[in-house]
Amino acid sequence: MRQSFLPSASTTGMSFRWNAQQELKKFDRVASVDPRARGLGLEAFVLAPAQRLARYPLLLDAILRHTDEAAQEREATEAAKRKFSLAVSLCNEHIRTVENLVELSSIQTMLDWSGVPKAPVIAVSGRALVKRGSMQLLSGTGVRKGSRVEVFLFTDMFVCARSRAVFASLRKCSVFVAQHRSLVEVAGVAGQENTLQVTVYADSGETRTVL
């Protein structure tokens with residue numbers, strides 16, 4: 001599964017990344033007990049520059065409120081505020097992108113694709129998780145009626161999977177439906193509250209009702 005997520009990674013490369021992560025964790029443990037760290041972990045110091053950057057537009061805004069409209073410095077201060085505001089916006093966008101990829105990577109490791117012909121890579125740029133939840137299967141093919149299934153709705157994909165325990169603290173989801181959102185139709189069922197009918201259209205034109 002990891003190789004499908006990182007197709008260009010060699011065994012040596014993955015070993016190097018694992019060792020680097022262990023070294024970073026070790027450094028964090030040692031640094032956190034250093035009196036100069038004041039009990040703070042590495043994460044607190046990494047976040048500090050980004051948090052400080054967000055304060056500069058507020059500081060410049062306060063300066064502008066006390067700067068005369070005709071003052072020579074006003075134009076330069078306004079330009080500086082615009083540049084810092086843009087930098088903050090770009091940083092926030094990058095943080096959201098990274099957080100989204102981390103979430104998608106977590107889902108990628110959770111899903112077992114052995115039940116579908118081709119396993120897609122979930123963690124790709126431009127994709128985001130819209131909704132995730134657990135539902136009970138009332139009817140359908142390939143899964144026992146009454147089973148609880150995990151449903152993942154992405155911006156461009158619909159995935160339905162059976163949840164199963166691997167260990168006491170670890171669960172995997174065996175995928176039995178994975179299709180582009182344009183080929184999935186969701187409709188309510190007349191007279192049945194909280195019930196949805198999900199119809200998946202295959203590339204060949206066949207249909208499959210799963211819920």
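The paragraphs below take up these topics in turn.

This is a predicted model, in which local features need pLDDT of at least 70 and side-chain atom pairs count only at pLDDT 80 or more, while totals for chains, interfaces and linings use all residues. Residues are numbered from 1 along each chain as its sequence is written, and side-chain values use heavy atoms, with hydrogens and water left out.

A pair of aromatic rings is described by the distance of the centres and the angle of the planes. Rings of Phe, Tyr and Trp (its six-membered ring) pair if their centres lie within 6.5 Å; planes under 30 degrees apart count as stacked, over 60 as edge-to-face and the rest as tilted. The structure holds 2 aromatic pairs. In one, the ring centres of Tyr-56 and Phe-84 are 5.0 Å apart and the planes stand at 40 degrees, so this pair is tilted. It joins distant parts of the chain, 28 residues apart: Tyr-56 belongs to helix H3 (residues 42-65) and Phe-84 to helix H4 (residues 74-110). Helices (H or I, at least four residues) and strands (E, at least two) are DSSP runs, numbered from the N terminus. Tyr-56 is partly exposed at 33% relative accessibility, and Phe-84 is partly exposed at 30%. Buried means under 20% relative accessible area, exposed over 50%, and partly exposed in between (1.4 Å probe, protein chains only). The rings of Phe-152 and Phe-154 have centres 6.4 Å apart and planes at 10 degrees, so they are stacked; both residues are buried.

Phe-152 and Phe-154 are among the residues that touch the most other members of the largest nonpolar core, which has 16 residues; Leu-111, Trp-113, Ile-122, Val-159 and Val-175 are the others. Such a core is a set of buried Ala, Val, Leu, Ile, Met, Phe, Trp, Tyr and Cys residues joined through side-chain atoms within 4.5 Å. At least two residues of this core come from each of H4, strand E3 (148-154), strand E4 (157-167) and strand E5 (170-180). Apart from it lies another core, of 9 residues, including Val-151, Phe-158, Val-177 and Val-184.

A disulfide is a pair of cysteine sulfur atoms within 2.5 Å, and the count comes to 0 disulfides. Cys-160 is buried, at 0% relative accessibility, whereas Cys-91 is partly exposed, at 34%.
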